[in-house]
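Student: I'm new to this one and would like a close look at a single part. Could you take me through the pocket and then show me what else is around in the structure?

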Amino acid sequence: MKIAIYGQYYQNSTEPIIKDIFLFFNKRNIEIIIESNFLALIQEKKIIEKEYKTFCSHKELDSSFDMLLSIGGDGTILRAATLVRDSGIPILGINAGRLGFLATVQKENIDEFLQMVLDKKYTLSKRTLLSLTSEPENEALNDINFAMNEVSVSRKDTTSMITIDTYLNGEILNSYWADGLIISTPTGSTGYSLSCGGPILTPDVKSLVITPIAPHNLNARPLVIPDETEIKLKVSGREENYLVSLDSRITSVGNETILTVKKTPFQINMVEIPNETFLKTLRSKLLWGEDKRN
């Protein structure tokens, strides 16, 4: 078995997690390849001293890898997705922080869950991604033009609202007068969209959510649409530019630019371990069942 390992940050609470993971794989002679920046970080902290093979970009992750382990939180997994891309390599999130919706394996059960991985006692949850193109073309969007959680547009350098003309398959839906607009995947429905009043979708739903951010008109509500829909956005406002984000990656785009959002032809495979399902995470995160009347 060949496993890639990726992480972003180091905290004191992360050290025992990293040590446990490396000890587990080394005992079983599993080949592990570590993202170069993450390896340099943990070697600097003297967590490990042994030399390992490394990878630097998505170009080095091919079909020879059985899995990518993401050590961190949900944000780390979103960045891991930019490395995996369309390779099909499954991602397993090891939670090194607060409870997240993607990084579900808790530090208390690492050995147990990693053994399930070796025994192939897991399922794959396929996650929809969104692609983004612009007219005229924006170079900042060319390299990584997809998002696992959401594509959003929002105002920049102003307290004034922006107007977002929104078209579904060529037909006008609405002109949102708001601070911004979120186009969310089912995975992203528990993120930014949820905090703006959007609905929760289970990961296997073939839908997207359009959620306005602080709309001026209170009758502008979140809308669930089929994920095969092509969405076009044209933003205008008092300032010359507005912000476009793909998950945590942000760039500035000029007024009147036409943005096209649609589902990518590939998906991300998230590893789902028995007893660590989306529904269990949902109950824990939202404290469902804590009220004894439920």
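Tutor: Sorted by class, the lining of the largest pocket has 14 polar, 6 nonpolar and 3 charged residues. Keep in mind that this is a predicted model. That lining takes in 23 residues, and the ones nearest the pocket's centre are Gly 72, Gly 73, Asp 74, Gly 75 and Arg 98. The largest share comes from α3, with 3 residues. As for the space inside the largest pocket, it comes to about 500 Å³.

Now for the cavities. The whole structure holds 3 cavities of 30 Å³ or more, and the largest cavity has a volume of about 80 Å³. Among the residues lining the largest cavity are Phe 101, Leu 102, Arg 127, Met 270 and Phe 278. By class, the lining of the largest cavity splits into 5 nonpolar, 3 polar and 3 charged residues. Strands β6 (123-127) and β19 (268-272) each supply at least two residues of this lining, and β19 gives the most, with 3 residues.

Next, have a look at strand β9, residues 150-154, where 5 of 5 residues are buried. Side chains in a regular strand alternate between the two faces of the sheet. In β9, Glu 150, Ser 152 and Ser 154 point one way, while Val 151 and Val 153 point the other way, and all are buried. β9 is joined by 5 bridges to strand β12 (residues 180-184), running antiparallel. Within that pairing, Glu 150 has Ser 184 of β12 as its bridge partner. β9 also has 4 bridges to strand β16 (residues 241-246), again antiparallel. There, Ser 154 is partnered with Leu 243 of β16.

Last stop, an open sheet. This sheet has 6 strands in the order β8-β7-β18-β15-β10-β11, with antiparallel pairing. Its edge strands are β8 (146-147) and β11 (171-178), each of which pairs on one side only. At the β8 end, β8 pairs with β7 (residues 130-135) in the antiparallel sense over 2 bridges.

Notes
Residues are numbered from 1 along each chain as its sequence is written. This is a predicted model: local features need pLDDT of at least 70, side-chain atom pairs count only at pLDDT 80 or more; totals for chains, interfaces and linings use all residues. Side-chain values use heavy atoms; hydrogens and water are left out. Buried means under 20% relative accessible area, exposed over 50%, partly exposed in between (1.4 Å probe, protein chains only). Two strands pair if DSSP finds at least two bridges between them. On a 1 Å grid over the protein atoms alone, a cavity is a set of points where a 1.4 Å probe fits but cannot get out, and a pocket is an open set with protein on both sides within 12 Å along at least five of seven lines; lining residues have an atom within 4 Å of a point. Grid points are joined across faces, edges and corners, and a volume is the space filled by probe spheres set on the points. Ala, Val, Leu, Ile, Met, Phe, Trp, Tyr, Cys and Pro count as nonpolar, Asp, Glu, Lys and Arg as charged, and the others, Gly among them, as polar.
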